[in-house]
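Here are a few exercises to work through with the model open in your viewer. Try each task before reading its solution.

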Amino acid sequence: VNEELHQKEKLAVIGQMAATIGHEIRNPLASLKGFAQLQHERYPETSDYYSIMIQEIDRLDLIVNDLMYISKSKALQIEKANIKDIISYTISIMEQQAFAQNVKIETEMEEPLPLLDCDEKQLKQVFINLLKNAIEAMPEGGTIRITAQSLGDSKIAISVEDEGCGIKSEDIPNLKVPFFTTKKGGTGLGLVITNKIIKEHHGDVNIESNVGKGTKVTVTLPRESNHHS
Ligand code: ADP
Ligand code: MG
């Protein structure tokens, strides 16, 4: 127990540092980006270099943003929410990217679904991360199926299934490791954040995948926050 407490304190200190440093890093990044954009317009003949700079600055910003998110151990703001609204919101955010990549998003939700005790903002983040991964797994297009259903009286299961590249079985254990990514512009933090949020809700994340066929990520959440499953 003592060791566990020690570990928690250590994480809290690291978290605080990450949050402070993250803030200090983002401001200079913003000014670097501003100047790179300026030069990009001023010297079109070298513009490839500047657009790479801008892209890389954006990537740094994303990493810092995700790190700050992980380190921020904010207590959950639990309220009753409608999972359908959360999913619709998420789709509206990701629609543009899906459309650009020829990806269709289908939903199949049980009617009526009971309300869920959750931190709505954080759950939106979870489904944005999952949808983003699903879209990124299908560069040639395809279909994403989102389903939501009750499991007995006390749980709700939501799954996001794609027809993308799939995950190699040897990579599965790495999915919970911060910074593990197989993508060129990836941060390797999306699933870490997703797991953290779902664990805080006393839920579970389950990933099934077949290389070349697709991936199904299922999130199971207790309906009531005092009902720790
Ligand atoms: P990132 O998307 O920045 O790489 P994530 O934590 O979201 O970070 O995902 C980590 C890795 O897990 C990805 O780089 C990819 O290899 C794999 N992955 C996650 N979701 C999927 C998916 N739906 N299909 C295929 N691979 C996936
Ligand atoms: Mg991701």
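A crossing is left-handed if the near helix is turned anticlockwise from the far one by less than a right angle, and right-handed if clockwise. This is a predicted model, where local features need pLDDT of at least 70 and side-chain atom pairs count only at pLDDT 80 or more, while totals for chains, interfaces and linings use all residues. Residues are numbered from 1 along each chain as its sequence is written, and chains are lettered from A and ligands numbered from 1 in the order in which they are written.

**Exercise 1.** Work out which elements the protein has and in what order they run.

*Solution.* Start by counting: the protein has 5 helices and 7 strands. These are DSSP runs numbered from the N terminus (helices are H or I, at least four residues; strands are E, at least two). Then read from the N terminus on: α-α-β-α-β-β-α-β-β-α-β-β. For the overall extent, the C-alpha trace spans about 65 × 50 × 35 Å along its principal axes.

**Exercise 2.** Describe how helix 4 and helix 5 pack.

*Solution.* Two packed helices are described by the angle between their axes and the distance between the axes. Here the angle is about 145 degrees and the axes of helix 4 and helix 5 are 9 Å apart. Axes are lines fitted to C-alpha atoms, for helices over the stretch in contact, with angles from 0 to 180 degrees between N-to-C directions. Next, the hand: helix 4 and helix 5 make a left-handed crossing. Now list who touches whom (contact: C-beta atoms, placed from the backbone, within 7 Å). Residues of helix 4 including Gln 122, Val 126 and Asn 133 meet residues of helix 5, among them Gly 190, Ile 193 and Ile 197. By class, this contact of helix 4 with helix 5 has 6 nonpolar, 6 polar and 1 charged residues. The classes are Ala, Val, Leu, Ile, Met, Phe, Trp, Tyr, Cys and Pro as nonpolar, Asp, Glu, Lys and Arg as charged, and the others, Gly among them, as polar.

**Exercise 3.** Find out which residues are closest to ligand 1.

*Solution.* The shell has 22 residues, and the closest are Asn 133, Ala 137, Thr 181, Gly 186 and Gly 190. A residue counts if its C-beta atom, placed from the backbone, lies within 6 Å of the ligand. Helix 4 (120-136) and helix 5 (190-200) each give at least two shell residues.

Technical notes:
Contact = placed C-beta atoms within 7 Å.
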